[in-house]
Amino acid sequence: MLQGISRLGAVGALLSFALVMAARADDWQPISPEELQMKSEPKAPAAAAIFLYRQIDRDDVISTEAIYSRIKILTDEGRKYANVEIPYLQGTNRISSLQARVIRPDGGIAEFDGTIYDKPLVKARGVKMMSKTFTLPGVEVGSIIEYRYRRSMPSGWAFNSRWLLSDELFTKRAVFSLRQAINLFLRWSWPLGLPPDTAPPARDHGLIRLETKDVPAFVTEEYMPPEDVMKYRVEFVYEADSSHQKEENDYWKEVGKRSNIRVERFARTNRELEQEVARLVQAGDSDEIKAHKLYARAQQIRNLSFERQATEQETEREKLAENRDADDVLEHGYADADGITWFLYGLLRAAKLDASIVLVATRDDNFFDRRLMNARELNTCVVAVSLGGSTVFLDPGVPFMPFGYLPWNETGVGGLRLDKDGGQWMVTPLRDSADSRVERKVTVKLTPSGTLEGKATVTYSGLEASWRRVSYRNEDATERRKFLEQDLEGDAATGVDVKLTNTPDWTSSEMPLVAEFDFRAEGWAAAAGRRSLMPVGLFGGSEKHKFEHSARVHPLYFMFRYQHRDELTIELPPGWQISSLPKARTADIKVASYNSSAQATNGTLSINRALVLNTIVVHQKFYDQIRDFYQAVRAGDEDQIVITPGAAPGVANKH
Amino acid sequence: MRLDKRFGVLLAAYACMHGPATWATANAPDWMRAQLSAQLPAQDEETNAVVLYSEIQLTVLAVGKMKRLDRRVYKILRSNGESHGVVFADFGSQSRITAMHGWSIPAQGKDFEVKDKEIFETGISNVDGGELISDVRRKVMRIPASVPGSIIGYEIERELSPYEMTDEWEIQDNVPVRETRYTVRLPPSWSYKVFWINHGETAPTEVAPGQWRWIATDLKPIKLEQRMPPWQGIAARMVLSLQPPDGKGGGFQSWQEVGTWYLGLANGRRDASPVIHQKVQELTAAAADPLSKMRALAAFVQKDIRYVAIELGVGGVQPHAASEVLAHGYGDCKDKVTLLSSMLKDIGIESHYVLINTERGAVAAGTPPNMGFNHAIIAIQLPAGIDKAKLPASIAHQNLGALLFFDPTHTLIPLGYLPGALQANYGMLATPTGGELIALPQAPSAMNGVERTAKLTLDENGTLSGDVHEVWTGDGAAVQRYALRVAQQDVDQIKPIESMLSHSLSTFQILHASVKNLRVMGEPLIWNYTVEIPRYPRIAGDLLIIRPRVLGSMSSGLLETKEPREQPIEFEAPVRNSDVFEIALPAGYVPDSLPPAVNEDLGSIAYHSSTSFKGNVLRYTRTLEVKELSIPVAKVEALKQFYRVIENDERNSTLLKTGK
């Protein structure tokens, strides 16, 4: 996350600031009787340990950071915090003034005078990642452990930084300060907001300061947004000099103009591109047909970003020449992901289509916030092309994307559509749930022993197909077969055994991924006296344990909207009768819906199930509804069909 | 730029550090090129690579000084065989890597050679797990073009200065091996002794004076499976014990020697001190009898001495002094044993080190004397008058009388019981007369598991509700305690129960829950909770479908695999779990039929269940008991059917009809 921005001069004259900082950081804070006697923290009842106090004073003038930690040990498990590891990059960082102590519950203080180990973490090519490692002796439940140190960074350099207010431990009180580097422009922001009752960071006597208290311990949960996004934090971003735009609109206009120049230079129309377009499109082609053809051409370019990661020697030996522009891409036949996207842009422009490049920020690790004015967060790009009055977004830089689809992490994100005036903000569209489907069709016979035997066909379309193709693009047929079989079995009831029987098309972008199987579910119908019972839900394994816990801290976050539809046709043994069918089930909470129904005609049972997810983010205050919904799904899947065996042998127990 | 993230952080960091460079091509060595025409060993479609050739050359220089050269050549067959091209080599105080080279011969194009500067080092200690520091580190190299069709190979040269003059030849791999060789060069008048493990005895060839070579060919891979025995317990290996002419400082010839050597290392470490004596007095002041005193001391070392491992040089095997461990309040397994032993001595009770491997089967009755251990526990000589029936971790020793084994490192298993992995295991008991390989006891299955009882009522609206009472003992209690103790928030504490319920119930609500004896180690852990399950019965016309097995699962999908099982199955510990569910039905409802009773007994594992109806109460009882810890491959199919019967039983329902 830290990125060097600019070299700073005249450091020596500013050393006096260091003395000021040192005076603050080198004093142990007084300990209150309440801290000594504390047995638990009511706001963190099960906590093994909590931060009583944290302080980070960063000084970008003299490139140092003073860190102070005071931790209260509340349970035996909390004693692990007496093991301290401080990583640093040898030669770049220096850890100094490291001191530690243990305060017993009776107030007695033991200064740490043990060994501080310099432990190598990673060593390569003269770069050594090390850690200062030590353990505090005599730590018991009720003890307070304290340590402080100073981290020095290369003199004269300033880095973007952040105050991380959220930590794995509850924080009772924390104090942060930053002295800004001279001659650099600094912006700061707190994207998630701040903990309750925390005043925003403010300038105070030449420092930016913040004090906070009662910050909950950070927890991780299933289906939560990227961890970093959910942490309380203050982000600091430096610009190279103070002449840079301070206003958000002006900043992005400048970014947009600069980026547009680079893109236009790369994708400028010339004879080679025009010839390529002429080769690909016919005079009578509609704009849409033209765009399809050019998109398909761009997808044929060898995509270096999605190949197996070569070693340095392999890369060096291949000696791939750099692509300076779209002509080079055409000539070389390869490019990285962004190069392919820019190449498509060049083709579309050469075909006289209204297209532009949109810089976007992927949402897998981060949620873009343009107020942060950090252009690096716009980490990829797509093409927007106007076709028949609407805008279609394309990213040929990610393989196996059908025309008009973006990879899930580029959907629903903010982007800067470039033009010569600096561009305009827009949001990439989310695909509808119907665009990304898993459809399972199972046609089987029920044997007198209660086993289902027959065929299954699974059709993956849209994003459901593309992520699978991307994930297994470098695997062989055996690995792909195992994946598809496990994918189906993993979502089915225990005891389902499938065997892939066709050769799915792993290379297409436009065609669904279709997998055909021999299907067997042993003992699916279970005896119940004179009757036998068969659950409605043959699939639904992935919903079985979703949101099983009652408490929720974070919002729910899904990659994309989808539909999972199942059609089962079960032929009953001769003479067998359906005694009872469950009522059709419907659960609809707008953001998700579920339907299941079973019908019987002429000895054949038809079961339909549909699960639709229509959202990607749900606020945690709606968690109970979501949990209830998935409980309803599970209840529906467990509905039973009662069958009365006929003259044929009765349904035996499963095995 | 979007990059494919296939490799870990370390490799990514390594790649980032690379600067521009130019590379000269270098031919792979002759011993690698000789494999180009080698016939591939037998394989199936899942085999991702084969070992065409491997060799070890051990050169003995003097006592405590050897050189070893390892060479290995793979042919990569499938894309996921690329992992064989990432080579790890650990080194530390007893071994120094003097050279490490890697090559590849691609299917097309020139050979590659890994350069020294491409090799990086990492530390491997886990601070969160209590391993503060160790001098064992790892060199890592990635061989270029480790792709299907390539032949890759590496060689590693080490200088060894071992504590014991033994070496080991691992003959098998998890992929097929075409040919593997082991060569030893001895100084004049030295001798060797060979121990074969999981492999028939093979005679060497004296290829030169003082130089012997063993060759093995066409070895089947060892398939990695869940709950399989440890690698050391099933893989073909040869252990070589080396003897100098005067017999001094050579490889261990007997377990007695191993014990004597270890006690030499620990000599003086258990010596008493005034501080230890004072602490013992303080801890045992309220204890009325020897067993109570032992419990007090054991609990102190187990709980109050934090697990912290500082393993530098000989510190990897030599314990710290007891007084030092007490003063710091921390130590590793052998340090904890040392302090406890010293404290027990202070109350007049003798005790001994037991070195053990935490994977049962890694060291067995036939294992040659060596140091294949990774853990230390204590054997306490029980004074007369203690009821050993309540201490299942005890045995009667021929010379030492009653011995009680205890693991002071495991913070959740009290004195008297051993963690499952250590039961029926083999350890080296180190006494003043020397070492002895000894079998540790196996506890009765009734001392580990959960007894779950639920008294529930089904109302007219279909809501099933009532109280569940769970009594957890042994390893089961330890697992529950661990989950409860590491919970970050109070709401996390109920999560294990929520997870268990959600495996059985589509809809439920826990109305109240409490736990007893969370920190009272000598008592069972008890969960009491009240559960409400709306719409529990399914409606089928005028019938209600109700599943008597309300919650909990005893079945297993372990053997539901496409490929046939190749390895035995190892259970962690003997265990006995039981359920008793009583459901009071609404007035007028009676079962149309009851699920059949199940009685399956394979000898080593048994399951019994039955459903009955009396008054208005539907009663379901069942038990699953694991009596033996290893199931041989020959019985795997029977075990698979056994689990399917359990799963059937768990799914079985009763149809209720109204008797009104």
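Residues are numbered from 1 along each chain as its sequence is written, and chains are lettered from A, with ligands numbered from 1, in the order in which they are written. Since the model is a prediction, local features need a pLDDT of at least 70 and side-chain atom pairs count only at 80 or more, while totals for chains, interfaces and linings use all residues.

Confidence comes as pLDDT, the predictor's score for each residue from 0 to 100. Chain A averages 91, and 94% of its residues score at least 70. Residues 1-23 of chain A stay under 50. In the model this stretch has 42 contacts beyond four places in sequence, a contact being two residues whose C-beta atoms, placed from the backbone, lie within 7 Å. Residues 648-655 of chain A are also below 50, with 32 contacts beyond near neighbours in sequence.

Helices (H or I, at least four residues) and strands (E, at least two) are DSSP runs, numbered from the N terminus. Two strands pair if DSSP finds at least two bridges between them. In chain A, five strands make an open antiparallel sheet in the order 21-20-19-22-23. Strand 21 (390-394) and strand 23 (424-427) of chain A sit at the edges with a single partner strand each, so one side of each has no neighbour in the sheet. From one strand to the next, the twist averages 35 degrees. Strand 20 (residues 380-387) of chain A runs antiparallel to strand 21 of chain A over five bridges, and A:Val385 has A:Val392 as its bridge partner.

Two helices of chain A meet this part of the sheet. Helix 5 (residues 287-300) of chain A packs on the sheet, touching strands 20 and 21 of chain A, and its direction makes about 155 degrees with that of strand 20. Helix 8 (residues 337-350) of chain A lies across strand 19 (355-360), strand 20 and strand 21 of chain A, at about 20 degrees to strand 20. Axes are lines fitted to C-alpha atoms, for helices over the stretch in contact, and angles run from 0 to 180 degrees between N-to-C directions.

As for the two chains together, each of chains A and B puts 74 residues into the contact. Strand 7 (residues 117-124) of chain A gives the largest share of chain A's side, seven residues. That strand pairs antiparallel with strand 6 (residues 120-123) of chain B over two bridges, and A:Val122 is partnered there by B:Thr122. Chain B itself has 11 helices and 38 strands.
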